[in-house]
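Here is a brief report on one protein chain. Keep the sequence and the 3D view open while reading.

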Amino acid sequence: MSEPPERVVESAGEEMYQWARELYPLCRSLTGEGTRQTLRYLQAMLPGMQLVEVPSGTRAFDWEVPPEWTIRGGYIEDAQGRVLVDFADHNLHVVGYSEPVDRWVSRQELEEHLHSIESQPDAIPYVTSFYERRWGFCLTHRQREALGEGPFHVVIDSTLEPGSLTYGELLIEGESRREVLLSTYVCHPSMANNELSGPVVTAALARWLLSQRRQLSYRIVFLPETIGSIVYLSRHAEEMRRRTLAGFVVTCVGDERTYSYLPSRRGDTLADRVARHVLKHHAGHYNAYSFLDRGSDERQYGAVGVDLPVALMMRSKFHTYPEYHTSLDDLSLISAQGLEGAYQAHQRALEVLEQNGRWRTTVMCEPQLGKRGLHPTLSTRDGGRRDRRVKAMRNLLAYADGSLDLVGLAEAVELPAWECVPLLQTLEREGLVVRVCEGDGAGEQGREAFGE
């Protein structure tokens, strides 16, 4: 699989779902050909994306890139030659990074290498052993109970050898050196919400950004989770600290059950403010979590000494839905509608960041909107208050004192930021407000970071 197929689709959500369906069968891991195939597929729609290979054994802070894992097959067979569990049926059946094995074992010994979930008897768990050599099989609890007494022939055809970790990087330049980070991961085999929803939504956002005129620059990375972001930061943390205005880890964005917000470690960055504002107006209701509930690459971007302003806008958050890290997190769990909703939320967040600034009124007291065609000239009992546009402009003028950025103004007047932008542009054209600052919203720390 080298490139996405040509298809006519009716919506962005349907297109993203099709990408997920194409990528679902690939056996991704921290390293290996399944991950490279996934990245090459995404690269075909994002021609500027570079694939970077980092050799096994490379040090990255307190970590080291592991050997490359190649899995060709694996099965459990009984004495009659019946295959009871087979990697060919589902690539979660073999514990990730299992070392090779080919021998006969008793039922008692086999039990030490089996993983199932008694409370979810039809689910295959996702289990890995990236940093310690072992082997094992994952199976449904019903399969486990039906195995019989043994002995069993266990075979895992795999290799753990020096190779490399692969990640994808797309740098999109804008008029400003200030950057927005979009980070997603490509290392989970056959999981839809917890894996593929992130890369396909990120790829769609990247493709949209490439079609736009951009004030900001964008750093978009597709990484193996944890070790990938640690490796990337070991190479780029210093410049990212100088340039990053806001960032989002894009994961678990495919289902339709809910929206979720997880903050940066500080919780008060521009990314946090934009995320909360967008979800309030885009979703209405969302579940808010703490940085104590972290679990993805926000752990690395928010680490002490890195301190990047990175938040998450998810659908059902990792660790919170019953299908998480099991075979039940399949393509039936996500939908075109779920993907499109998350895509639109992130798209709006990026639009808010692009338009962010600070405005100040230019006249004392209320300006006369009527002579500019912005207010009814016939006085009525409601004084124009029923005209939502007039009311919004009045309110924006009341709060445009130069101290509030776009998100702050939108919150003050209780409107979505994307509705405030055209009104502010109208007021600016009429000379009633001036833009006094590009409004990175990062405060003193942000200005120091950009050398301002």
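## Helix α7

This is a predicted model. Start with helix α7, residues 270-282. Buried positions in α7 are L270, A271, D272, V274, A275, H277, V278, L279 and H282.

Just after α7 comes G284, with a positive phi of about 85 degrees.

## The chain as a whole

The chain has 452 residues, and 56% of them are buried. Its secondary structure comprises 13 helices and 19 strands. Along the principal axes, the C-alpha atoms fill a box of roughly 90 × 45 × 40 Å.

S98 sits in the loop that runs between β5 (83-86) and β6 (101-105). Its relative accessibility is 0%, so S98 counts as buried. The S98 side chain reaches the backbone oxygen of V95 at 2.7 Å. Leaving out residues up to four places away in sequence, S98 touches W69, R134, W135, G136, I156, S158 and L160.

D78 belongs to strand β4, residues 68-78. Is D78 buried or exposed? It is buried, because its relative accessible area is 6% and the cut-off for buried is under 20%. The side chain of D78 reaches the backbone nitrogen of Q80 at 3.0 Å. Beyond four places in sequence, D78 touches L84, W104, P151 and F152.

Rolling a probe the size of a water molecule over the atoms shows where empty space is left. How many cavities of 30 Å³ or more does the count give? There are two.

The largest cavity has a volume of about 80 Å³. Its lining consists of 13 residues. Nearest the centre of this cavity lie N91, V94, G96, Y126 and P189. By class, the lining has eight nonpolar residues, four polar and one charged.

Technical notes:
Residues numbered from 1 in each chain as written. Predicted model: local features only at pLDDT ≥ 70, side-chain atom pairs only at ≥ 80, totals over all residues. Heavy atoms only, no water. 1 Å grid on protein atoms, 1.4 Å probe; cavity = no way out; pocket = protein on both sides within 12 Å on 5 of 7 lines; lining within 4 Å. Points joined across faces, edges and corners; volume = space filled by probe spheres on them. Nonpolar A, V, L, I, M, F, W, Y, C, P; charged D, E, K, R; others polar. Helix = DSSP H or I, 4+ residues; strand = E, 2+ residues; numbered from the N terminus. Expected span 1.5 Å × (residues − 1). Buried < 20%, exposed > 50% of the residue type's maximum accessible area, 1.4 Å probe, protein only. Polar contact = N/O pair within 3.5 Å; in protein donor to acceptor, adjacent residues only side chain to side chain. Contact = heavy atoms within 4.5 Å.
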